[in-house]
Structures are given as structure tokens and as C-alpha cells.
Amino acid sequence: MADFYRAPPLPRAFIWRRAHSLTGLWLVLFLIEHLFTNSQAALFFGEDGRGFVSAVNFLKNLPYLPVIEMVLLGIPFLIHGLWGIQLLFTAKYNSFQTDGTTAALSQYSRNQAYTWQRITSWILLIGILAHVIHMRFIEYPTSAQVDGQQFYMSRVEGDNGLYTLSKRLNFEVYTPQHIQEIKQKNLATPPVKVQKELKPEELIAAQKQQQEKDWIIALEKWPLNENQLVAVSPSFGVAELLLVRDTFKSPTMIFLYTGLVLATCFHAFNGLWTFMITWGITLTARSQRLMRASATAIMVVVTFSGLAAIWGTYWLNLKN
């Protein structure tokens, strides 16, 4: 009799849909934090992006940061992305004109929203992957330690505004010629002979030589053309700010990131509206209308924050 009343196990697809929904909510919260932080590179005129610098330094100094990033970002992105890819290849759209063999219900706004949810999924799949590779791996600041002080280095395109900013944000600019001079000077210095026991002054000299080598390795991480420079700062936040500034000097990057922000914000907040229905929070027509208006309002504010960082970091706030 006990087996007769036992509840059947939950279908795997149901579990995946709920995990997809929950991780989507978490990623919406992350999106709000991420775009608000980025907006501080542009919105507080006259502050030279110091709000952005403070926020980035706070995050950088969190203990066990790689573990936090993996648990709170990597795993949710993986779960949400895997089921999202499944939806991309199984979803059926009915908001386009057809030949009559399938339904065409383009007059309903929710059908249109569903279609755009899937279209923006493609944009996010490609765009977020490219964003992470670009910002986290290709252009991520290198670092070296000198006299117990950690310095962070970013590759940037040269412009006159960098030199005025360097005085306000406390960073130095190294040209390719300057880097070669430092390298030649290091090569010309006779190496300290390695012995079992070094005198204190010899140990200090050996440590300094090693630090100079580490410094040169960090400076030479990227190949530089004639117009590219390396900006060096004791603040990781400043190095990241200069990376953001340099990225949004490019009209191509502005265009690509504008599309990514618009697609991401629509996807996130349309998904938030769906989440509230899926979990039985908004069941009545009135509550769904209210939630749609609320989600739209939040979407506008968050989208503005993201676009402010793209269009304002260089062209309005940090050009000179």
C-alpha cells in the first residue's frame, strides 16, 4: 500500500527548468550590480571614475575570490546556459508570418516577447563569451611586485588625455621605447652569482634583479604597436578603469557592447516577469500587469546604467 501512495519522481526536464529559472533570477541580480558598478566609471562627472575604482578594488580584495566567482557566477552561468542552449534548439516560434502549415500569432505581445527571448539568447551566448574572453583573459591586467608593492598593468592606445589622467589617478605610462630601455638596462647589469650563502647586501641585490625581471615580463605581456602604451598603477581598480576607458574609445566596441547591453537587459527582465509566474508569485492578471510595469521600469534604469558606461566613460568623463 505504501508503494501505491508514493509520489512519482519529478521529471528531469522539470528540475532543469526550475534550476534554469532560479539561476536566471540570480544572474539578474548580478547584472544589476555589474552594470551599476560599471556606470560609476561615467556617471559621477568630476570624480574620475573613483566610485568604479573603489567597487572593483573591494571585489578584488575579497578572500577566496576564485572560489566565489566559480560558485556564484561560473556554476549559475553554466546551468542557465546549458538549458538555454537546449531551449534554443527546441523552441518553436509562432510570432512570424508562415506559409499556413504552422500557427502565426504575431498579434500577441507575449508571443513576440518569447521570440525575442530566444533571439537575445543567441546574442548573449556569443556576446558574453566574447566579453569574458576579452576582459578576463586577453586584456586582463598583469601584475608585478616591486619593494613589497603590487603594481597592475594595462595595455592602452595612446592619447593625450592619458597623461593628464595619470596625474589625477596616480598611474604611470610606459612607451615601447621606454620598456626597451628598462630591458636593456637590466640585461647590462651583471647577475648576482648564486651561492649557498649570500651576504645581506648581495641578497638584496639578487632580489632586486629578480623583481626587475618580473617587472619586464609583466610589461612585455602584450606586443605593442607604435601607438600603444602600458599604464601602470598600484591600484587594480585604476588598471581596470583604464581598460574600460580604452575599450570604449572604439566606435566598433561601442556598437557591439550597446547591442549586448540592450539584448541582456531585455532577456533578464522579460525572464524576471516569467519567473514570477513560473513560481506562482503573480497569478492574477492584475499582479502580472503590475509586475510587467515594474520589470520594465527596472529594465530602463539598468539599461541606462549599462549604456552610460559604454558612451560616457571615455567620451564624457575620462577623455582628458
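Mentor: We may begin with helix α8, residues 236–247, in this predicted model. Its 12 residues reach 17 Å from the first C-alpha to the last, close to the 16 Å expected at 1.5 Å a residue.

Trainee: How many residues of α8 are buried?

Mentor: Buried means under 20% relative accessible area. In α8, 12 of the 12 residues are buried, so the helix is largely enclosed by the rest of the structure. Among them are Glu240, Arg245 and Asp246, as well as Leu241, Leu242 and Leu243.

Trainee: At what angle do the axes of α1 and α10 cross?

Mentor: The axes of α1 (residues 12–39) and α10 (residues 285–317) cross at roughly 40° and come within 7 Å. Angles under 35 degrees count as roughly parallel, so α1 is oblique to α10. Their crossing is left-handed.

Trainee: Which residues make the contact?

Mentor: Helix α1 contributes Leu31, Ile32, Leu35, Phe36, Asn38 and Ser39, and α10 contributes Val302, Ser305, Gly306 and Ala309. By class, this contact has 6 nonpolar, 4 polar and no charged residues.

Trainee: Where does Tyr64 lie, and is Tyr64 buried or exposed?

Mentor: Tyr64 lies in the loop between α2 and α3 and is exposed, with a relative accessible area of 66%. Asn170 lies in the loop between α5 and β3; Asn170 is exposed, with a relative accessible area of 53%.

Terms used:
Residues are numbered from 1 along each chain as its sequence is written. This is a predicted model: local features need pLDDT of at least 70, side-chain atom pairs count only at pLDDT 80 or more; totals for chains, interfaces and linings use all residues. Side-chain values use heavy atoms; hydrogens and water are left out. Axes are lines fitted to C-alpha atoms, for helices over the stretch in contact, and angles run from 0 to 180 degrees between N-to-C directions. Helices (H or I, at least four residues) and strands (E, at least two) are DSSP runs, numbered from the N terminus. Angles under 35 degrees count as roughly parallel, over 145 as roughly antiparallel, 65 to 115 as roughly perpendicular and the rest as oblique. A crossing is left-handed if the near helix is turned anticlockwise from the far one by less than a right angle, and right-handed if clockwise. Contact means heavy atoms within 4.5 Å. Ala, Val, Leu, Ile, Met, Phe, Trp, Tyr, Cys and Pro count as nonpolar, Asp, Glu, Lys and Arg as charged, and the others, Gly among them, as polar. The expected span of a helix is 1.5 Å times one less than its number of residues. Buried means under 20% relative accessible area, exposed over 50%, partly exposed in between (1.4 Å probe, protein chains only).
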